[in-house]
Amino acid sequence: MRTLMQLLVLCLLLSPWTAALANPKQVALVIGNGDYQHATRLPNAANDAQAVQQALLEKGFNVIFRKNASRAEMNDAIDEFIGKLSSDSIALFYYIGHGVQVRNNNYLIPVELRAEKENHIIHNGIEMTRLVDQLSEVQAKFSLVILDACRENPFKRDGRALGGEQGLAPPINSADGIMMVYSAGVNQSSKEPAGSGNGLFTNEFVQALQEPGASAKGVVENVKQRILVKTKASGALQTPTIYDQSSGTFQFSLPADGKLTVTLEPPAPAVNREALFWQSAQASGDPAQMQAYVQKYPKGEHVREAQARIRELSAKPAPAPVAAAPLGTVAVSWNDFVRVPGGTLTLACDAANCRNAAKSPSVTVESFEIGKYEVTQGQWREVMGSNPSRFASCGEGCPVEQVSWQDVQAFLARLNASGRGRFRLPTEAEWTFACRSGGGDEGFCGGGDADTIGWHQGNARSGPRPVGQKSANRLGIHDMTGNVAEWTCSEHGKFDDGWNVHARCSDKETQKVTRGGSWADDRGHLLAASRGIGDPHTKNFTLGLRLVRER
């Protein structure tokens, strides 16, 4: 008997997942919902959740585990999870199951939820903003939220989805200290290989976690690249999306003594953005880049040097501008702008966009000129000398995409120094006013038929199309519905917050509003009232721009 007890104790000590080795500061909540009562069942969800649970136990996490959980069980688990966290904790939330976006908010779906209206999802689903807000309040050292919930919306009525057709919306409140990961890109679906027993994302995540010295950010990036390679080869692209507002990362190590430890990597040292900006401008030899430096840092350390260099470079004869050639079936030129008369715009309010959703605010828009077409790949190449677009094979007449808000600022600086005129991005209010043909009440930007006026998931499917192929709105502006979503110069905020951020441009590197939806979106995300949000560093092959011309 004594020998048996000794063997039992030895087995427990050697077991990689024993609780005795768990670090009390590493806390994880893993939920796998697959046995749905009123929605499509997900046969791999339970296996995925158990695989993640096992991998995290082996890495020293205290794991709270729920399988096929009801709303009450999910809420209780979240409360237990948050209750175990403190400011020196490492938190990991991993969800596998159905997730649905409704009015730009994401909801995790309990197994018993039945939905015949969008409000059923809102009232009975688990709102992700709640979890993110609670994690933000705890201010843990590092928080990682992984949502393997990017699947086709299981709730339909009259042939249409309640909320988004598939995938999740970008997070509204991506708080500091939190890294959020979607298993697939916005409006993409996660892949579940037949007969594998596990979903693609979970399988790659568990494998990456086993690599020696794996860090949180390293694991996530590794998983993303593996999935991109595998799905690109199959022709059904899946792009895990990362929303990172964390200030460091954490790394696991397993010393020779077998005791699991966690090493927090310190945040990167403070970056001297002015110095980096100047180094980039100086290396470019481009007076537009140097002028952009002077405008951004008027009292900067290198202003005098920049001004002298601008004078020197400007004295040289400028190369003749390249004439715009017919692009696709439309000859796009730098003079293709539409004058939009000023007026009053009433903004569509809901809980996501207004503090008081019962009252719709209005804003006065002065007259302005906006591009008749989205900026094309040919125009971008003409100004910048290169084409960053993922869909470069679409042609010079297709909209440029995969450009960040910061990239657009460099493009504008160079364009404005070229002698072609003075340009900027539209404010959100200007964009919406133009979309609605001068402030009218339109479902889409040009009417009620998305197929006639825009490229979307239902008719484009594989990528953007040349500009100007669909019908214009009543002002003669093309492609404000779909094709590529478009950056604005406005910060993202509530319409009724008193600051009118939607009616102003901001050069702060904060989250910006995007508008219009893209070829990858379902019709519900192309509505004139639909808003998007983008980090200024974001590069996405569904995101481009349209210009406003100032005289």
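Q: Why is C394 called partly exposed?
A: The relative accessibility of C394 is 26%. Buried means under 20% relative accessible area and exposed over 50%, with partly exposed in between (1.4 Å probe, protein chains only). The value for C394 falls in between, so C394 counts as partly exposed. This is a predicted model, in which local features need pLDDT of at least 70 and side-chain atom pairs count only at pLDDT 80 or more, while totals for chains, interfaces and linings use all residues. Residues are numbered from 1 along each chain as its sequence is written, and side-chain values use heavy atoms, with hydrogens and water left out.

Q: What makes C394 and C398 a disulfide?
A: Their sulfur atoms are 1.8 Å apart, and a disulfide is a pair of cysteine sulfur atoms within 2.5 Å. The torsion about the S-S bond is about -60°, so this disulfide is left-handed.

Q: How many disulfides does the structure hold?
A: There are three. One of them joins C435 and C445, with the sulfur atoms 2.0 Å apart. The angle about its S-S bond is -85°, and the link is left-handed. C435 lies in helix α13 (residues 428-435) and C445 in the loop between α13 and α14 (450-453), so the pair ties together parts that are ten residues apart in sequence. Helices (H or I, at least four residues) and strands (E, at least two) are DSSP runs, numbered from the N terminus.

Q: Are C435 and C445 buried or exposed?
A: C435, at 0% relative accessibility, counts as buried. C445 has a relative accessible area of 4%, so C445 is buried as well.

Q: What makes α13 largely enclosed by the rest of the structure?
A: Eight of the eight residues of α13 are buried, so the helix is largely enclosed. Among them are W431, F433 and C435. Just after α13, S437 takes a positive phi of about 55°.

Q: Why is the disulfide of C489 and C505 called left-handed?
A: The torsion about the S-S bond is about -65°, so the disulfide is left-handed. The pair links distant parts of the chain, with C489 in strand β21 (residues 485-491) and C505 in the loop between β21 and β22 (512-515), 16 residues apart. C489 is buried, with a relative accessible area of 6%. C505, at 39% relative accessibility, counts as partly exposed.

Q: How do you know that β2 and β11 stand at the edges of their sheet?
A: The open sheet of six strands has the order β2-β1-β3-β7-β10-β11, with mixed pairing. β2 (62-67) and β11 (241-244) each have a single partner strand, so one side of each is left without a neighbour in the sheet. Neighbouring strands of this sheet are turned by 10° against each other on average, direction ignored.

Q: What makes β1 and β3 a pair?
A: Two strands pair if DSSP finds at least two bridges between them. Seven bridges join strand β1 (residues 26-32) to β3, so the pair meets that definition. These strands run parallel, and G32 has I96 as its bridge partner in β3. β3 also pairs in the parallel sense with strand β7 (residues 142-148), over seven bridges. The bridge partner of Y95 in β7 is L147.

Q: Which strands of the sheet run antiparallel?
A: Four bridges join strand β10 (residues 178-182) to β11, and these two run antiparallel. T241 in β11 is the bridge partner of Y182.

Q: What makes strand β3 mostly covered?
A: Seven of the seven residues of β3 (residues 90-96) are buried. In a regular strand the side chains alternate between the two faces of the sheet. On one side of β3, I90, L92, Y94 and I96 are buried, and on the other A91, F93 and Y95.

Q: Why is the ring pair of Y94 and F205 called tilted?
A: The structure holds eleven aromatic pairs. In this one the ring centres are 5.2 Å apart and the planes are at 55°, so the pair is tilted. Rings of Phe, Tyr and Trp (its six-membered ring) pair if their centres lie within 6.5 Å; planes under 30 degrees apart count as stacked, over 60 as edge-to-face and the rest as tilted. Y94 is in strand β3 and F205 in helix α6 (residues 200-209), 111 residues apart. Both residues are buried, and ring pairs link Y94, F201 and F205 into a cluster.

Methods:
Axes are lines fitted to C-alpha atoms, for helices over the stretch in contact, and angles run from 0 to 180 degrees between N-to-C directions.
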